[in-house]
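Subject: Structure for your review

Dear colleague,

Please find below the structure that I am handing over to you. My notes on it follow directly after.

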Amino acid sequence: MMASSYNAKDEDGHITVTGPGGGTLRSKKPENTAFKQQRLPAWQPILTAGTVLPAFFIIGLIFIPIGIGLYVTSNNIKEFEVDYTGVDMSSPCFNCSQNFSWNSTTPCTCTIPFFLEQPYESNVFMYYGLSNFYQNHRRYVKSRDDSQLNGDMTSLKEPSKECEPYAYHDNKPIAPCGAIANSMFNDTLELFYNDPNGTKVQIPLTNIGIAWWTDKHVKFKNPGAGEANQNLTAVFQGTTKPLNWRRPVYELDAAANNNGFINEDFIVWMRTAALPTFRKLYRIIKSPSNGMMPTMPRGNYTLEVVYNYPVRSFEGRKRMILSTISWMGGKNPFLGIAYITVGSVCFFLGVVLLIIHHKCGNRNNSADISN
Amino acid sequence: MTVLKDIPEKWFPVVLPLQRKKQKGLNGDKKKRAEEERRVRANDREYNEKFQYASNCIMTSKYNIITFLPVNLFEQFQEVANTYFLFLLILQLIPQISSLSWFTTIVPLALVLSITAVKDATDDYFRHKSDNQVNNRQSQVLIHGSLQNEKWMNVRVGDIIKLENNQFVAADLLLLSSSEPHGLCYIETAELDGETNMKVRQSVSVTSELGDQNNLASFDGEVVCEPPNNKLDRFCGTLYWQDKKYTLTNQNMLLRGCVLRNTEACYGLVIFAGPDTKLMQNSGRTKFKRTSIDRLMNTLVLWIFGFLVCMGVILAVGNAVWEREVGSLFQSYLPWDPPVDNFLFSAFLSFWSYVIILNTVVPISLYVSVEVIRLGHSYFINWDQQMFCSQCNTAAEARTTTLNEELGQVEYIFSDKTGTLTQNIMSFNKCSINGQTYGEVTDPLAPQPKRLDFTPFNPLADPDFCFYDDTLLESVKVGDSHTHQFFRLLSLCHTVMSEEKSEGELVYKAQSPDEGALVTAARNFGFVFRSRTPGTITTTEMGRPVTYSLLAILDFNNIRKRMSVIVRNPEGRIRLYCKGADTVLLERLHPCNQELMNITSDHLNEYAADGLRTLALAYRDLSEDEWESWSESHRCADKATNCREDRLAAAYEEIEQDMMLLGATAIEDKLQEGVPETIAVLSLANIKIWVLTGDKQETAVNIGYSCKMLTDDMTEVFNITGHTVQSVRQELRRARERMIELPRTRVGVKDEGMEGCGEACFMGNGFRGQEEGHGTGGGGEKQLQCPLPPAPPPPALPPPPPTNLLENISGEFALVINGHSLAHALEADMEMEFLSTACACKAVICCRVTPLQKAQVVELIKKHKKAVTLAIGDGANDVSMIKSAHIGVGISGQEGIQAVLASDYSFAQFRFLQRLLLVHGRWSYLRMCRFLCYFFYKNFAFTMVHFWFGFFCGFSAQTVYDQYFITLYNIVYTSLPVLAMGIFDQDVPDLRSLEYPKLYEPGQLNLLFNKREFFICITQGIYTSVVLFFVPCAILSDATQSNGVPLADYQTFAVTTATALVIVVSVQIALDTGFWTVINHVFVWGSLGSYFTIMLALHSQTLFRIFPNQFHFVGSAQSTLLQPVVWLTIALATAICIVPVLAFRFLKVDLKPQLSDTVRYTQLVHQKKRKPVGRSMGDAWNGVGSVSESRLGARGGSRRSGYAFAHQEGFGELITSGKNMRLSSLALATFASRHSSSWIDTLRRKKHTHAHTPPSASGECSPAPSYVSGSVAPLSNSSSVLGGSQDTPIEEETGTAPAQNMQTVLTSSTQTPPALAPTSEASAPQASGQALNAGILTPTAVRLDGGDSPGGWTITLETVQEALFGWKARATASSSPGPPSVAKETSQNE
C-alpha cells in the first residue's frame, strides 16, 4: 500500500530537497500565459431573447420568400409523364410486356399516343423512369470495374472480382463487366408529333450532353483511347458482351465519340440511382434554332417504344417523362413547399417564443436587457 | 511527466507477477512463492545461492525493444473496444459481408493503437531509465574481507554492505554494527512511510561489538526469518551465531528506501533484496480508479451495442422479407452471391454487414478522445498558477489523468487535520504575566501593528519569530522580575534539545511544536536556552550566560498534563518550574494566588475564546531539605519494580504543590492559509466535510471551530464518546432523535420563514445577491439544501429509526465521534445508524482514529451513498484513506511524500482544494459531459442515416456516404471541434464559480450527463439523421441539374447528405460551444474547410487517374456543389435540424435558467455596460481575508489547553540519563515515535485513575446570554461575501436555538433530571446540594460566558463522565463558595 511508484527520480528528488545543495532550486511556477491559465480571450455567446428571437424571424423572413420563389418557378415548369410498362390489358404495350424473352430476336414495338395540353418551350428533356428498380442495392452498386471502364487494358481482360458473377462468360472477360452494365436499360423511345394536318413528324432527339461531363471525359474511356485510329472492334477483341445485351459495347452507337464505354446512354445508366424509383435523362429535344416556335407545340404525339427491357418480373414500372427546365432544374414542388413551411414555422415559433418570453420569461433577464 | 507517474501504479500488479514468473523459470521447479522461512548466512554466497533468493535488481519496465510491439499489441487488444474493432476488421474481409472497405476501420484503429503505443513506449522508456539508475547505484560490499564497489543490482542476499551517511539503503539489511555508540544508527524513512522524523535502529549487541570490517568479514552468523512480506513495521527472525540465539526485531532492520542520517557509517547484512524488499512488496496493488462517468459510459456503450444488435436484427429481418418478396424476383438483374441460396442466409449476412456499417454508433475514437481531454485537463491543473505555492515552490500536480471530471462531482471530503488544515506550526501568540496580558491588539480598526524586531536587543533572537506587542519587550527591558521569571521558566522547563551549528545560530529540536514555540519565545525575549547536559542547562539570560544545574525532570504525561523541572541556580537556590494545563495547574497553586488566579483565568478564557491553546506557568521555591527528602522518595519510586509509574506519579504529585502562579501562555495552532474560507466555500457548494484525525478530541473540535466547520450558530453538536457498543448505539439514537425533535419544537416561525423565501432565494440564488453584497446567504441556503440530498441511503437491514425523517431535518448539526466509538459504530450492525446520523450532520469530526478507520469511514460512505468521495491528507497515516476514496489528494511538502505518492492529485495547500474542485473539477465535469453528449449525438446523426437508407436499398447494407467520408468523419471532420470544446469550454469564468459555489451542484446531482441526457442526445441524433436522410431524399428524387441531368443519383445524394451532416454537426457544436477561443474558431472552421478540401481532393481527377478503382466519386463534389438545389437542400436540412434545438434551448434558458446561465448572462450584461468585472472577486477575497484576520475575539469558547495535545511523555528520563546527549535531536524523534502508539493505554489508564476535573472556573460565571450578539456567526461573515442572497433567518435562529441546546446537551448526556437544566446559569449556588452538579454545571457556565461554543459540550461530557465514575466524594466541596477552595480541597483529597 505504500511507495506505489517507486522510482529513482523520487528518491533523488528527495535528496535534493533535504540535502544542502539547494542552489539548483528552480522555480517551478507555471508560466503565466493566457493559454495555460485558461484565460484565452473568448467570445461567449448566450442564447438570449435578443439574439434568438430575431434569428427565428430572420430565418422565417428568408425562407418564406425563397420558398415562394421556388414554388412559383416549379409551377411554371411543364412536365408530362406516361407509363408504358403495359401492366393493364388496355395498355398498348401489354403484349410486349407479356411475351418477353431476353433472347427474342424480333423486337417488340408498341405505340402510345398522348396529348400535350401546353406547348413546351426551350429545350425539352426526355427521361425514362424506372420504379422498384434497386440500382442502389449494395451488391448492384459495387458490381462494376471502374478501371475497366476507364480504359485500362489489364482490367479489360481481367475484370475485377467485384463484377462477379458478370465478370466472365464462356471464359471470356465481359466488357463492360458487372451487374450494372449487364442490366442496362435498352428500350428505344421515339417521339412523333401528330401534325394537326395528319402528318406524323418525328421529333429529333439528341443523345449528346446527357451525361456528366466528368463521366464522359474522365471517368469513362475506351481502351486504347490515346492511340490514333483506334478500332473499337479490335480493342474489344477477346471480350464478350454482357449477357443481356443484344449488341456488343462497341456497337452501341454509330458515332465514334459516343461508342464503346463512352456511349452516353451507357454512362447515364452506369451512374446508379440513389433510390429505387428514379429517372434518367434519355434524350434532349433541342429548341428550334429560330426560337419562334415552341419546341413541342400543343397537340397530339405518339411515343414509339421498342420494348426490350423487362420490368414486370419484379413489379417494376417504366415511364417516359418530358420536362422543361428552369434555373433550379426540373419540376420540384416539394422544395418550395418545404421552404415555405419551415419559414412559417420559424416565424410562428418566433412569435410564440416572444409571447412566452414576455409572459413568463425570466424577469431578471428582461430587466437587464432593458438596462 | 505527471501523466506517466500513475502508470507504474496501474501496471505493478502485472509487473510483479511477471518478474516472479521469470525468476521461477530461472529457478527451475523450486517454488519461490512457497518460501516459508528465509535462511541467510552472512558472507557465504554459496550457501545462500542454494535458496535462489531474488537478486537486488529491480525491474519495473514492461518491454524491451523486441518485445514492445507484440506485448503492447497484445495488451491493447485485451481492451474490449480494440478487440471489437479487430473483430469488425476481420468481418470486413469476408466479401459477402463487407459493406465497407477495409480501411474505414483499420485507419481509425491504427490511429488509436499507435497513439496508445507511443504513450506506453514513452512511459516505459522513463521506467527503464529510472530502473537503470537505481540498479547501477554503487554500494560497498564486503567481499573476502575487503570492501568493493558493486552496483546495487549485483548485491546478493547474505552480503555485508557498508553504508555511509546520507546514503540510500540498498536492500533490506540487518544492522550489524555502526560507528555510533551502542550500535545505534539513525534513518529517515520518508520514502517508506512518509514520516520525516528520524528513527533510531540498534544492532544486536553482540554484532555491534564486531566493529571493523575485519571482524565482520569473518562473521558467519545465520539468520532465520520470515519470508518477504509487506509489513513495514514488523520483522521477526533469529540470529544464530556461535551457538547462541538472538532475537531480531524491526528495531534491527534497515529497510530499502530509507536514508542513513547522522551516522558516519554502518554495516548491514542483506536479508531481502530487490523485489523481496518491503519497499517493493509494498508497491502497487492500487485499485485502478474509474470515474462514475467512466462506468456510465461503459454501460451506455453496452446499451449502444444492444441497440446496434437490435438495428441489425431489424434490418436483417427486413432483408429477409425483401429478398423473399423482391430480391428473388429481381434476380435477373441482380443474382444472389454464390454462397447465398436463400433469403435467410442472405439476411444472416446482412446482419453482419449492418453491424459493420452501424458500428460507428460506438465510435472507436470515443475512448481516445476522452483520454485526450482528460490529459488536457490534467495539464491545466498542472499549469495553474493559482494552485502554485511559492513558499514551497510546488505546483499542483494531477498525478492521475483519469479522474478529472469526478472532481466536479465530489460530495464528501474527508480531511486529515494536522498538516492539512493546520500548518502544524505553533506560534507564541499571547501571554499573561502577573495579571497583565500581552499580545496582539485585536482592535480591527487599528492599523496592522508592526512586527517586533528583536535583533538589536538580542543577537540570539530567532528572526522568524513574530510578536506584535512591544509592551512586553519593554517590560523585559526594564527588568520586571515577573516577566523575567516567566521567560526563565520557559527557557528552563522543557525537554527541547538545542543544536548550535555556529556561534549564535541555534536550532531547537522540540518533540512538540508547542514546546518549541515557547522556548523560541523565551529565546527572543532574552532568555536563550543554549545547551543542556544531563545535569545542567545553560542559558543566556539578558546577554549573560547562566548555567543551572538540573536536578530533576518531572516529565509530562497525559494524566498529569503538566511537566516540571527542578533546577538549582548558580546562587544555589532550588526552584521547581512547572507548566501545564490550567485545569491541572490552577488546582495546585498556593492559596495566596487567589487574586492573580482569577485574573489569569479571565485571560485564559479570553485566549481560549480566540481559539488559542493555553498553558499556565508556576514555580515553587524549594528548600534544600525539601529537595533532599523529596529526591529520596523519588529515587525510591524510581527504583520500584512494581507500580513504578504510579509511584512516580505520586512522588511528582507530592512536590508539585503550593506553587506560585506566574502567568499563562497562549499558542496559536496555525491554520493553513485560507482554510476557513475554503471550508466555507466548499460547504456552500454542498460538499460535506468530515475531519478524520488522530488528534485528541479537544484539538479536533478546536480546529473545527477555528476553520469554521463548527460554528456557534449550529443547532447542536453531538459528541459520541461511548466505549461500549450499547452506549454508542444509544448516543447515536439520541442524536438522531434530537435532530428530528429539535426543528419540530422550534416549529412555526422559522419553517415558514424558510419556505417563504425558499423559492425566491433558490431561483435568484446569489445572482441578485451580487448587487446586495450577497446577503447572508450561507445559513439559509444550506437549510434549503437539506430537503434535496442526492439519494436517500438504501434501506438498512435492521431498519434504523426514521431515516427519511432525517432527510428533512432543518437546522445544522455536527457530530464529534472518537476512535473507540467509531470502532463500534463501524461494525456491521451499527454502520447504518452511524451513517444516517452522520450524514444528517453538516460537519463530522472523527478524532483519535487510526489510519484503517479512516479508510473504513470512507468505504462506508462509498458503499452506502452514491456519492463521490475525496480524501485529502499529507501523512503516511492518510494513505489508506487516500487510496480508498474516489479521489485522493495529497498535500505535498509537509510530511514526506507518502501521501503524495498514493494520491491522485497533489498540491501544497489545503485552500487550493476549492480551486481544484470548484474550478477545475467543475469545468472538467462540464466539458466531459458536453463532450459526451455531443459525441453520441454526432455519431447517431451520422450512423442512423444508414438505417433509414436500409429501407430504400433493399436492406442491402449499402452505405449512404462515400467510404472515405465514413473513414474520416470521426477522425478528421468532426474530431477537433469537439475536442476543443472538451478541453477549453467554460460556461462561467473561474472567478465566478468560486463566487457562486452553488454552481457546483449540478455535478453532485449528476445532472449534466446521465441516462436521461444520454437519451436526449440520442433522440436528437436520430432526429437529425431522419432529417438528413429524408429531406435530401424528398428533394433530390425529383430534382435535376440545370442541364436536365437528374440529381437523384447515388453519388450526388451521398455528397449532399454528407455535406449537410457536416454542416449540421458543425452548427450544433457551434451552439454547444460556450467559450469560443481562437482555437475553437480554428478547429470549427478548419474542420469545415478540411471537409470541403479533402472531399474535392478525393473527388478530383488527379487521384482518379492514379487509382481509378478506388475513387469512384470522381467529379461528384464539383458537379454537385455547383447546384443551387443542393445548397437549398442543405440549408433546409440544417434549419430543420437546428431550429427545434434552438427553440428548446432558448425556452430552457428563458424559463428555467440554471444558475450558470444566469451568471453567464449577468456577466454579459456587465460586459456590455463596461463595468469592471474583476472588482467583486478581488474585493471579495480581500474581504474574506480580513474577516479571518479579525476572527480572533469573534467567538467564545472553552479553554483548550495546549499542553495536553501534542506532547508525549518519557523524555525527561532520557535527558537525565544522558544516553542520548550526543545525538540529542535524533533521539527525540525516536522516542517520540516509540511512544506514539500508546495513546490507547494512556486513555485506559486515564479512565481508571479519573484524573482531574477541570477546576470550576467560577470567575467566569458572568451574566450568560451574551451569545446572541457574540454568535452572529463567523461563517456568515465570510459567506456574506461568497454568495447567496438571503438574510433573514439567522438572527432568529441564534436567538432561539442555543437556549434549547443547553437543555439538550445537559439532558441527553447526563441523564440527570431535566429540571436541572434551566438552573445551569446560576450553577454555583444551585449546585450546593447536588452531588453531581459541580462537575456538570460549571463547565457549562464557562461555555455560556464565552458565547455558546459547542466546544464546551466536549468538556461537559467528559466532565460528566468523570463525575459519574467516581467523583462523588469530592462533590461536597462544591458547596463551598468559590473554585479556589474547590481546588484546595481537591488537592487535599489527593
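**Findings: the contact between the chains**

The side chains of Glu323(B) and Arg139(A) form a salt bridge, with N and O 3.1 Å apart; the term denotes a side-chain nitrogen of Lys or Arg within 4 Å of a carboxyl oxygen of Asp or Glu. Please note that the model is predicted, so that local features need pLDDT of at least 70 and side-chain atom pairs count only at pLDDT 80 or more, while totals for chains, interfaces and linings use all residues. Residues are numbered from 1 along each chain as its sequence is written, chains are lettered from A and ligands numbered from 1 in the order in which they are written, and side-chain values use heavy atoms, with hydrogens and water left out.

Across the interface of chain B and chain A, the rule finds two salt bridges. The two chains also share 30 residue pairs in polar contact, both residues being at pLDDT 80 or more. A polar contact is a pair of N or O atoms within 3.5 Å; within protein, one must be able to donate a hydrogen and the other to accept it, and residues adjacent in sequence count only if both atoms are side-chain atoms. On the side of chain B that touches chain A, helix α41 (residues 1124-1151) gives the most, with 16 residues. Helices (H or I, at least four residues) and strands (E, at least two) are DSSP runs, numbered from the N terminus.

Chain B brings 138 residues to the contact and chain A brings 113 residues, where contact means heavy atoms within 4.5 Å. The area buried between them is about 11,000 Å², and carbon and sulfur atoms give 61% of it. Buried area is the accessible area (1.4 Å probe) that two parts lose on being put together, summed over both. In chain B, Tyr333(B), Phe1146(B) and Tyr1161(B) lose the most area to chain A, together 8% of what that side buries.

**Within the chains**

Over all chains, the count comes to 54 salt bridges. One of them pairs Glu541(B) with Arg488(B), their closest N and O atoms being 2.8 Å apart. Glu541(B) lies in strand β21 (residues 536-541) and Arg488(B) in helix α14 (residues 481-492), both of chain B, so the pair ties together parts that are 53 residues apart in sequence.

**Backbone features to check**

Most residues other than glycine have a negative phi, and most peptide bonds are trans. Glu164(A) and Pro165(A) are joined by a cis peptide bond, with omega about 0 degrees; Pro165(A) is in the loop between α6 (153-157) and β4 (168-169) of chain A. The peptide bond from Ala175(A) to Pro176(A) is also cis, with omega near -10 degrees, and Pro176(A) is in the loop between β5 (172-173) and α7 (179-182) of chain A. Phe955(B), although not a glycine, has a positive phi of about 50 degrees.

With kind regards
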